[in-house]
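Thanks for making time this morning; I would like to walk through one chain with you, taking a few elements in turn and then two single residues. Please have the sequence and the model open while I talk.

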Amino acid sequence: MLKSPLCELLGITYPIFQGAMAWISDAELAAAVSAAGGLGIIAGGNAPAEAIRAEIRKAKTLTDRPFGVNIMLRSPHAEALAAMVAEEQVAVITTGAGNPSRYMAAWQEAGSQVIPVVPSVGIAIRMERAGAAAVIAEGTESGGHIGELTTMALIPQVADAISIPLIAAGGIADGRGVAASFMLGAVGVQLGTRFLVAQECNIPQIYKDKVIAAGDIDTIATGRRLGHPVRALKTPFSRMYLAKEYDLSVTNEELEELGVGSLRLAAVDGDEQGGSFVAGQIAGLVKKEQTAAEILAELSQEAEAVLQKAGQWVS
Ligand code: TUI
């Protein structure tokens with residue numbers, strides 16, 4: 001059984017988080033992951049606070065186990081979402097795409113464990129000083145909004161810089177990735193792409209089919225020119241976006257405008273032409289749809305086997 005201090009800290013069975021995915025990780029997916037012993041996380045994304053409050057209340061009816069809510073700090077509703085999650089007293093609050101310092105005191109007062117996602121050592125140290133219970137360090141292999149460093153380079157450097165628990169994210173989809181993360185100094189992992197194909201994940205089948213069909217080189221990061229790169233599957237939309245990014249006659253404002261609504265078009269409408277099908281580089285390893293419980297049990301068993309065999313390399 002894969003186990004770490006993170007399990008006691010949060011009251012979970014597996015030290016495995018389902019990463020927040022805007023327009024995708026709803027009450028049903030998060031509750032399924034939490035009920036199966038992981039930590040499910042509802043994505044705030046760009047949704048209004050009341051829509052996410054409804055998801056939180058629904059998740060509470062679906063499971064008694066702890067779950068998390070993610071606040072995407074670039075959302076126009078971030079402020080309202082931050083106040084709402086404090087009122088709802090969610091067990092875990094994760095954040096992405098910015099600095100959550102100004103909300104942290106209120107969240108701690110509400111009794112939540114605050115676990116920011118960070119892309120670098122400096123930001124991890126800042127989050128520890130601000131009172132984070134743990135941090136999730138996310139490598140550039142991830143889907144969605146990404147930093148520069150790879151998981152392999154990021155995790156050991158963050159591990160050396162902080163003394164709170166560290167969770168690794170980016171490029172992890174099987175037990176080898178989980179075991180490797182622990183070897184690099186993490187005591188937990190967060191996976192998004194693998195949970196895209198969970199049976200309880202309510203995205204259009206075409207999205208799941210695209211993830212399952214994807215190979216190792218089938219994602220690209222667009223938006224570097226705007227300072228906030230986003231990784232997604234290579235599709236007509238992401239190829240067109242990249243072409244416009246290199247076209248200097250296209251203004252930054254036009255480029256920003258082009259991206260608006262594209263995550264929703266993929267995740268809700270399954271729009272093959274206009275949608276941004278967010279997924280990480282590890283999509284090539286994701287081969288079949290399974291229940292959240294099956295995914296967690298398999299990750300744990302595989303990691304355990306890898307870790308138990310690790311002694312073979314030592315004489
Ligand atoms: O947040 C993510 N991944 C995301 S958010 C998202 S929705 C979105 N929609 C439109 C535009 C942008 C995003 C899709 N995927 N991952 C966590 C993450 N956080 N990655 C990098 C960061 C990050 C970056 C800078 C965290 C902190 C940070 O701090 C900067 C500062 O101000 O200190």
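This is a predicted model: local features need pLDDT of at least 70, side-chain atom pairs count only at pLDDT 80 or more; totals for chains, interfaces and linings use all residues.

Residues are numbered from 1 along each chain as its sequence is written, and side-chain values use heavy atoms, with hydrogens and water left out.

That bridge belongs to the pairing of β7 with strand β11 (residues 230–233), which is antiparallel and runs over two bridges; pairing here requires that DSSP finds at least two bridges between two strands. Helices (H or I, at least four residues) and strands (E, at least two) are DSSP runs, numbered from the N terminus. Three strands form this open, antiparallel sheet, in the order β7-β11-β10, and its edge strands, each pairing on one side only, are β7 (144–145) and β10 (219–222).

Turning to strand β9 (residues 188–191), we find both faces covered, with Gly188 and Gln190 buried on one side and Val189 and Leu191 buried on the other. Buried means under 20% relative accessible area, exposed over 50%, and partly exposed in between, with a 1.4 Å probe and protein chains only. Strand β1 (residues 16–18) pairs with β9 in the parallel sense over three bridges, and within β9 it is Val189 that Ile16 stands opposite. β8 also pairs with β9 in the parallel sense, over three bridges, and there the bridge partner of Ile167 is Gly188.

Now to helix α7 (residues 151–161), whose buried residues are Thr151, Leu154, Ile155 and Val158. Why do they line one face of the helix? Seen down the axis of α7, they fall within an arc of 95 degrees, so they line one face; the arc is that of the directions from the helix axis to the C-beta atoms. As a reminder, an α-helix has 3.6 residues a turn, so residues three or four places apart point the same way. The face turned away from the buried side of α7 carries the exposed residues Met152 and Asp160. What covers the buried residues of α7 includes β5 (113–118), α6 (121–129), β6 (135–138), β8 (166–169) and α8 (175–183), where contact means heavy atoms within 4.5 Å.

Leaving aside residues up to four places away in sequence, which residues does Ala35 touch? They are Thr63 and Arg65, while under that exclusion Ala214 touches Leu233, Ala283, Gly284 and Lys287. As for separations, Ala35 and Gln89 are 54 residues apart in sequence and 18 Å apart in space, C-alpha to C-alpha; Ala214 and Ala106 are 108 residues apart in sequence and 42 Å apart in space, again C-alpha to C-alpha.
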